[in-house]
Amino acid sequence: MRAVRLSVVTAAATVAALTAVTGCTEKGSSGDGDGVITVTATDDKCEVSKTEVAAGSVELAVENKGSKVTEVYILFPDDRVVTERENIGPGTKQRVTAEVKAGDYQIACKPGMKGKGIRQDIKVTGGSTAQRDPRLDKAVAAYREYAQTQADETLPKVETFVKAVKDGDMEAAKAAYAPSRIGWERTEPVAESFGDIDPKVDLREDGLEDGQDLEKDWTGWHRLERSLWKDKKLTDRDKELADQLVKDLADWQNRVGKAEITPTSMANGAKELLDEVATGKVTGEEERYSHTDLVDFKANVEGAETSYELLKPVAQENDAALTTELDKQFAALNTLLDKYRADNTSYDFTSYDKVGEADRKELSDAVNALAEPLSKLAAAVVK
Amino acid sequence: MTDTSKSQAPSRRSLIGWGGAGLALGAAAAGGAVAMARTGNDVDPTAAETGAPVEFHGAHQAGIATPVQDRLHFAAFDVETDDRAEFVRMLKDWTVAARRMTAGQPVGEGAYGGLAEAPPDDTGEALGLKPSRLTLTIGFGPSLFEKFGLADMRPEALVDLPKFSGDNLDKNRSGGDLCIQACADDPQVAVHAIRNLARIGFGKVVIRWSQLGFGKTSSTTPEAQTPRNLMGFKDGTRNIAGTETDRLKKFVWVDEKDVDEKSAWMTGGSYLVARRIRMHIETWDRTSLQEQEDIFGRDKGEGAPVGKAKERDEPFLKAMKPEAHVRLAHPDTNDGATILRRGYSFTDGTDGLGRLDAGLFFLAYQRDVRKGFIPIQRSLAIDVLNEYIQHVGSAIFAIPPGVRDKDDWWGRTLFSREA
């Protein structure tokens, strides 16, 4: 991965800005009037004083009557955050305000600050509306959940890998390396939208910036990959790096749910995953010591396909020829990848150094055949 | 022979055309002793200046008899799809894009102004550039006919080239199911065209290999200065001119007499042989002038055949060394075999040994390869020039007839049964 890259979300954020003004902390002029919703949070309830409110300045008066620290959100139908307040301690009160346009929203309380939270539907009426195809909202919400699940499932796998590194168990660490990366690789466009996490965990040796020191500044999976496969020994520094990896990925896990995601960022994120394959995996640069490139490759394709499948109902309506082509090319690439694993559920792929030039060309051709039509998905979604 | 011809220094003007001259088979078309007026510039000054477009439609494809442009991007593709309908759709999409690009217009809805979230239809690097006489010419390779149930449509004349003496062919620079020849006066215009066609083709076809060329090595406009190849020699003095309807008919265009019912689709087409010919530039440059001139059978300054004063004087083959290039390549040595050449020089940087990776990208059009390139190349087996060159890439293509009008498309005569 490059150390610095444009977030896929940049373009998306612009789109979002057109539909909602978020995070405004100005106090509503209506005081305790129409715009105020009282939220009573407990460990298993999230009670709201009303479920319909006028568009404009909306204020949440939150009281945490539970025993756990909680957080409260106003969410768009696609789980984008309109506004939020974290760290509301037991027995405390907080006020949260936002400019909210007409539309359907949810208020969520998250006792213990974990999971999807306890949801309440609210309706905002009057004024201008922030309407989007509800199928797209659903797609975004489902994708957010997918990204979160990937992050949640990645952490234990990383912990397994890290434990092996700290135990000095080379073989176990090697075996746990590639599986620990799958969730990250599936959701990389979302993951890398937090620019400071990507270079910490997934930087390659040649991605260090001018003035950075290979030993001091290079962290993450690939640094450990080098120790395991090239240096063939694990040092105390590697053990420190292993701990750091878990820490950085836990940070990622906490932030995925808040990523700015839109239908177009999902579509372009899918294309970006294929770009990752085209530039890094197909050349064998990504996993130059472990040669586990095909595992990342598969994970990238799966992540792209998930994005696509969620957007497909709308894309199909706008451009049926495109979705027919994408179905065909996803199938072709997956069939090709299956040649490199013993069975279709295994993530034990052929070592990439055993994949010959002609076969790499074939893989590259298949990636291009998919990535080109995939680059048209965003247009088909927003048409 | 007169001394005056030899002592004449090349004029400044004649050097402008340096950079390409047909090397192998250079003299293949040296024939008539017609003294032609020269303008010192192969490009029609008016057209080059205005960057005028070349008509895309016609009985024959543009880019063959068309006055040779300065630059080339040639690409050979492999077909990936086995879906005939999908392939035909791509040929139609290609035709639409080619029609637009040769007219100097961007592909599809252009390079900007569309949806912000989607990549533009056109890649944009030719925006603001003139049409630059861009021509796009499509060809079908022998291997294409193994696909889509086309085996019985393969013309007999589309032979698999035999192995020639001295061939050292790299399969990664040879063959291909189809090809596109893009010629233009501006290299960016030619590259833009191939890039956009490749993009449209993703999933259906993939580029197998491609070649950039500069400094045309042959002229199809006899009133123009004969260009030089990278060895510094003029070659192909009497190449077939775009205006010589009779010679084009005789040597270049496939006639209805040449084809049977199954290959009738080729009527009005031609056959293309493409060869990447590497030159051993460094050893050539260390070769004495006398030897260089003996090898070609011409003098280096004027380009006159041995014993003659002017480039366009009728060559006296017996005055040349028996293994001289011009002598071996000449139609008189080859039972009248004549081809239309529009090759280009290439320089692809240097190889790992610091040697210039340069030479001639040879393109020859003919009515029948068995009567054109093959006998000439066989005759060249003993060419003394072979010490300084090596054929490293090779391909052959059937060039279908032209796209007739707005409703027509590349390959229609082959892919539409009713045609």
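# Reading helix packing, salt bridges and an interface

Modeller: In this predicted model, chain B and chain A bury about 1100 Å² between them, and carbon and sulfur atoms give 56% of that area.

Biologist: How many residues does the contact take from chain B and from chain A?

Modeller: Chain B gives 12 residues and chain A gives 15 residues. On the chain B side, B:Leu115, B:Glu117 and B:Phe202 supply 45% of the area that chain B buries against chain A, more than any other three residues.

Biologist: How many salt bridges does the rule find across the interface of chain B and chain A?

Modeller: The general idea is that side chains of opposite charge can pair when their charged atoms come close. Across this interface the rule finds 2 salt bridges. A:Glu372 and B:Arg199 meet through their side chains in a salt bridge, at 2.9 Å from N to O. Over all chains, the count by this rule comes to 61.

Biologist: Which residue meets A:Arg181 in a salt bridge?

Modeller: A:Glu185 does, with 2.6 Å from N to O between the two side chains. Both residues lie in helix H3 (residues 170-186) of chain A, and because they are 4 residues apart there, about one helical turn separates them.

Biologist: H3(A) also packs on another helix. At what angle do helix H2 (residues 134-167) of chain A and H3(A) pack?

Modeller: The angle is about 165°, and the axes are 8 Å apart. To read such an angle, note that values over 145 degrees count as roughly antiparallel. H2(A) is therefore roughly antiparallel to H3(A). Their crossing is left-handed. Residues of H2(A) in the contact include A:Tyr146, A:Gln150, A:Thr154 and A:Phe161, while those of H3(A) include A:Ala172, A:Ala176, A:Tyr177, A:Gly183 and A:Trp184.

Biologist: How many residues of each class does the contact of H2(A) with H3(A) have?

Modeller: That contact has 11 nonpolar, 5 polar and 2 charged residues.

Biologist: How far apart are the axes of helix H10 (residues 293-318) of chain A and helix H11 (residues 320-338) of chain A?

Modeller: The axes are 10 Å apart, and the two helices pack at an angle of about 160°. H10(A) passes H11(A) in a left-handed crossing. Among the residues making the contact are A:Leu294, A:Phe297, A:Val301 and A:Tyr308 of H10(A), together with A:Leu326, A:Phe330, A:Leu333 and A:Leu337 of H11(A). By class, the residues of this contact divide into 11 nonpolar, 4 polar and 5 charged.

Biologist: And at what angle do the axes of helix H7 (residues 221-231) of chain A and helix H8 (residues 236-256) of chain A cross?

Modeller: They cross at roughly 150° and come within 10 Å. That makes H7(A) roughly antiparallel to H8(A). The crossing in which H7(A) passes H8(A) is left-handed. From H7(A), A:Trp221, A:Arg223, A:Leu224 and A:Ser227 take part; they meet A:Arg237, A:Asp238, A:Leu241, A:Ala242, A:Leu245 and A:Leu249 in H8(A). The contact of H7(A) with H8(A) has 6 nonpolar, 1 polar and 3 charged residues.

Biologist: Now the backbone. Is the phi of A:Asn87 positive or negative?

Modeller: A:Asn87 has a positive phi, about 50°, although this residue is not a glycine. Its place is in strand E6 (residues 81-88) of chain A.

Biologist: What is the phi of B:Asp335, and where does B:Asp335 lie?

Modeller: B:Asp335 has a positive phi of about 55°, and B:Asp335 is not a glycine either. B:Asp335 lies in a loop of chain B, between helix H9 (325-329) and strand E6 (340-341).

Notes: Residues are numbered from 1 along each chain as its sequence is written. Chains are lettered from A and ligands numbered from 1 in the order in which they are written. This is a predicted model: local features need pLDDT of at least 70, side-chain atom pairs count only at pLDDT 80 or more; totals for chains, interfaces and linings use all residues. Side-chain values use heavy atoms; hydrogens and water are left out. Axes are lines fitted to C-alpha atoms, for helices over the stretch in contact, and angles run from 0 to 180 degrees between N-to-C directions. Angles under 35 degrees count as roughly parallel, over 145 as roughly antiparallel, 65 to 115 as roughly perpendicular and the rest as oblique. A crossing is left-handed if the near helix is turned anticlockwise from the far one by less than a right angle, and right-handed if clockwise. Contact means heavy atoms within 4.5 Å. Ala, Val, Leu, Ile, Met, Phe, Trp, Tyr, Cys and Pro count as nonpolar, Asp, Glu, Lys and Arg as charged, and the others, Gly among them, as polar. Buried area is the accessible area (1.4 Å probe) that two parts lose on being put together, summed over both. A salt bridge is a side-chain nitrogen of Lys or Arg within 4 Å of a carboxyl oxygen of Asp or Glu.
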